[in-house]
Amino acid sequence: MSSHMAGLGLDKMKLGNPQSFLDQEEADDQQLLEPEAWRTYTERRNALREFLTSDLSPHLLKRHHARMQLLRKCSYYIEVLPKHLALGDQNPLVLPSAVFQLIDPWKFQRMKKVGTAQTKIQLLLLGDLLEQLDHGRAELDALLQSPDPRPFLADWALVERRLADVSAVMDSFLTMMVPGRLHVKHRLVSDVSAAKIPHIWLMLSTKMPVMFDRKESAAHQDWARLRWFVTIQPAASEQYELRFRLLDPRTQQECAQCGVIPVAACTFDVRNLLPNRSYKFTIKRAETSTLVYEPWRDSLTLQTKPGPLEGPTLSHSV
């Protein structure tokens, strides 16, 4: 981003054919400006156009918005790593599982709260930065569409400052997209010889959301088959928690039509459902001791098919 900003200098600008994109109003402006002023105007306008079509294109912003929506659905975990492993050492002397056994449980719970707060703040800041990028692009695009040459001449320093500000916002947004370290103020390990304690880093990690496969999930007369997936498959198998409940129960007995089912696969058949009724299903990862924030879980509503005695018009659905 910063290298592109450096390319906005007029001494480094390579012009193609400025007349190729001029409309009639610009042609009229050319007649009102001195040749040198016109050359400066077109060079700077080309620079702004290039910035808005490459570094801050609508397609790029659309991708960032999609990524932001995904991050709001992710699960966030705290990872305990020895410093040498966190820095990429492929031959760790102490495994993370062994380090975890050394940590004071009460202090670890405090750090989980810190991780939750840090994750929430990070998501809020990312949303704010993305809004700034949208506003900045709209503001700069308005300058580009305006026939007024003054922003590209006498007021160009203000435009350059705005370009630098927007570039800095983009750099901050990209940097903050990746969860980082947790700041530990106190020792996490108690009552162990200091010579045996490795330097510990706490890192925030992200797992992609678990979502129902809406094409493969279906309800039958008294049972439903649910399938779900994760966009990026984890290296190891995961445990999931499938919930279901009958919507609008009519009797006390029907209120018992609900449950929580632990599942170790990505598919499950829920049996003993009532025919011709609507059920809500929810899927999430099984909670672990390292989970710090999970703001979203996918849900799906399915209606079972009618039973054979529920009227002649319903028999065709079998």
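## Two helices side by side

At roughly what angle do the axes of helix α4 and helix α7 cross, and within what distance do they come? This is a predicted model, and here the axes of α4 (residues 58-71) and α7 (residues 105-145) cross at roughly 165° and come within 11 Å. Angles over 145 degrees count as roughly antiparallel, so α4 and α7 are roughly antiparallel to each other. As for handedness, the crossing of α4 and α7 is left-handed.

Which residues do the touching? On the α4 side they are P58, L61, H64, H65, M68 and L71. On the α7 side, the residues they meet are L123, L126, G127, L130, L133, D134 and R137. Sorted by class, this contact of α4 with α7 has 8 nonpolar residues, along with 3 polar and 2 charged ones.

Is H64 buried or exposed? Its relative accessibility is 9%, and buried means under 20%, so H64 counts as buried. Setting aside residues up to four places away in sequence, H64 touches L130, M170, F173 and L174. Of those, L130 is one of the α7 residues in the contact with α4.

Now for P58, which also lies in helix α4. With 52% relative accessibility, P58 counts as exposed, because the cut-off for exposed is over 50%. Apart from neighbours within four places in sequence, P58 is in contact with L52 and R137. P58 and R137 are 79 residues apart along the chain, yet their C-alpha atoms are separated by 8.7 Å.

How much of β9 is buried? The strand is mostly covered, with 6 of its 8 residues buried.

β9 pairs with strand β6 (residues 240-246), and the two run antiparallel, joined by 7 bridges. Within that pairing, F281 in β9 is the bridge partner of F244. β9 also pairs with strand β11 (residues 298-303), again in the antiparallel sense, over 6 bridges. There, I283 stands opposite D298 in β11.

Technical notes: Residues are numbered from 1 along each chain as its sequence is written. This is a predicted model: local features need pLDDT of at least 70, side-chain atom pairs count only at pLDDT 80 or more; totals for chains, interfaces and linings use all residues. Side-chain values use heavy atoms; hydrogens and water are left out. Buried means under 20% relative accessible area, exposed over 50%, partly exposed in between (1.4 Å probe, protein chains only). Helices (H or I, at least four residues) and strands (E, at least two) are DSSP runs, numbered from the N terminus. Two strands pair if DSSP finds at least two bridges between them. Axes are lines fitted to C-alpha atoms, for helices over the stretch in contact, and angles run from 0 to 180 degrees between N-to-C directions. Angles under 35 degrees count as roughly parallel, over 145 as roughly antiparallel, 65 to 115 as roughly perpendicular and the rest as oblique. A crossing is left-handed if the near helix is turned anticlockwise from the far one by less than a right angle, and right-handed if clockwise. Contact means heavy atoms within 4.5 Å. Ala, Val, Leu, Ile, Met, Phe, Trp, Tyr, Cys and Pro count as nonpolar, Asp, Glu, Lys and Arg as charged, and the others, Gly among them, as polar.
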